[in-house]
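This report describes the architecture of one protein model, from the packing of its helices to the backbone of individual residues. The sequence and structure are shown first.

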Amino acid sequence: MKIDGTDDPNSWEKIYQTNDAGWDIGKPAPPFVSLLERPPSWLSQGKIAAFGAGLGHDAVYFAKNGFAVTAIDFAPSAVKGIKKYSDSNDKLTPFLGDILNLPDDFESSFDYVLEHTCFCAIPPENRPKYVESVKSILKPDGILFGLFYRFDPADDKGPPHATSEEEVKELFEKDFEILDWHTPNNSHGRRKTRERFIAFKVKK
Ligand SMILES: C[S@@+](CC[C@H](N)C(=O)[O-])C[C@H]1O[C@@H](n2cnc3c(N)ncnc32)[C@H](O)[C@@H]1O
């Protein structure tokens with residue numbers, strides 16, 4: 001798998017076309033399964049925008065559990081993969097588009113944004129735009145939650161871009177309060193200890 005870290009959809013598309021999406025675990029992330037088994041008080045069925053949804057395993061899982069999910073990705077083959085499931089699930093809407101440049105009618109219309117190894121795909125200089133985009137599409141009391149990757153003090157490389165807990169805190173602290181921040185005990189494979197489950201609520 002080669003992730004060159006570009007924000008060019010063509011490079012991501014190529015990876016999907018060559019079946020080389022090494023990040024794809026083929027099922028919903030185990031920490032999301034645990035989350036819905038015992039939902040926290042801040043989570044109830046609502047409208048989710050899944051950012052960088054890839055082949056859609058998480059999006060499908062939340063849709064099957066009663067959430068209305070718009071699964072967004074800018075790689076056409078990823079969205080085509082999600083369409084296979086949305087034909088039989090009217091709670092799931094695949095959307096081909098750039099999360100950093102979403103249509104005006106998305107504004108203030110989602111209860112939740114779902115993150116899973118998408119933030120690390122955004123070049124650091126564009127991350128303030130990621131935060132802006134999350135804020136603009138969430139309702140006033142909306143929540144961003146999900147799995148941020150990867151935090152490894154011994155090796156702070158991506159993929160494709162490095163992330164630190166400090167960076168995430170700094171980017172979100174102005175407009176969001178932390179509802180949850182922990183290291184899941186059931187992360188998939190080598191993600192153990194390297195990902196964080198984080199939930200941020202828009203500040204009043
Ligand atoms: C590492 S993959 C993770 C996919 C999925 N969330 C998963 O965990 O399997 C990152 C995904 O984000 C998508 N992506 C990256 N930048 C994006 C952007 N600006 N807008 C929409 N999708 C983007 C890529 O096409 C890719 O599918």
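Helix 1 contributes E13, Y16 and Q17 to the contact, and helix 4 contributes P76, S77 and A78. Two residues are in contact if their C-beta atoms, placed from the backbone, lie within 7 Å. By class, the residues of this contact comprise three nonpolar, two polar and one charged. Here Ala, Val, Leu, Ile, Met, Phe, Trp, Tyr, Cys and Pro count as nonpolar, Asp, Glu, Lys and Arg as charged, and the others, Gly among them, as polar.

The model is a predicted one, in which local features need pLDDT of at least 70 and side-chain atom pairs count only at pLDDT 80 or more, while totals for chains, interfaces and linings use all residues. Residue numbers start from 1 along each chain as its sequence is written.

The protein contains six helices and seven strands, arranged along the sequence as α-α-β-α-β-α-β-β-α-β-α-β-β. Its radius of gyration is 16 Å, close to the 17 Å that the globule rule gives for 204 residues, so the protein is as compact as a globular protein of that length. The radius is taken over C-alpha atoms, and the globule rule is 2.2 Å times the number of residues to the power 0.38. Helices (H or I, at least four residues) and strands (E, at least two) are DSSP runs, numbered from the N terminus.

Along the principal axes, the C-alpha trace spans about 45 × 45 × 35 Å. Of the 204 residues, 37% count as buried. A residue is buried if 20 or more other C-beta atoms lie within 10 Å of its own, exposed if 12 or fewer, and partly exposed in between, with C-beta atoms placed from the backbone. Among contacts between residues at least 6 apart in sequence, 69% join residues at least 24 apart.

## Ligand surroundings

There are 20 residues around the ligand, and W12, G52, G54, F74 and A75 come nearest. A residue is near a molecule if its C-beta atom, placed from the backbone, lies within 6 Å of it. The shell divides into twelve nonpolar, four polar and four charged residues.

H182 belongs to strand 6, residues 176-182, and is exposed, with 10 C-beta neighbours inside 10 Å. Apart from neighbours within four places in sequence, H182 is in contact with R196 and F197.

## Backbone features and loops

Most residues other than glycine have a negative phi, and most peptide bonds are trans. Against this background, the peptide bond from Y149 to R150 is cis, with omega near -10°. R150 is placed in the loop between strand 5 (138-149) and helix 6 (165-172).

N19 has a positive phi, near 50°, and is found in the loop between helix 1 and helix 2 (30-37). S108 likewise has a positive phi, near 50°, in the loop between strand 3 (92-96) and strand 4 (110-116).

| Residue | C-beta atoms within 10 Å | Class |
|---|---|---|
| N19 | 8 | exposed |
| S108 | 11 | exposed |
| D105 | 7 | exposed |
| T193 | 13 | partly exposed |
| D152 | 15 | partly exposed |

D105 lies in the loop between strand 3 and strand 4. Its C-alpha atom is separated by 25 Å from that of N65, 40 residues apart along the chain.

D152 is in the loop between strand 5 and helix 6. The C-alpha atoms of D152 and L55 are separated by 26 Å, and the two residues are 97 residues apart along the chain.

T193 occupies the loop between strand 6 and strand 7 (195-202). T193 and R150 are 43 residues apart in sequence and 8.8 Å apart in space, C-alpha to C-alpha.
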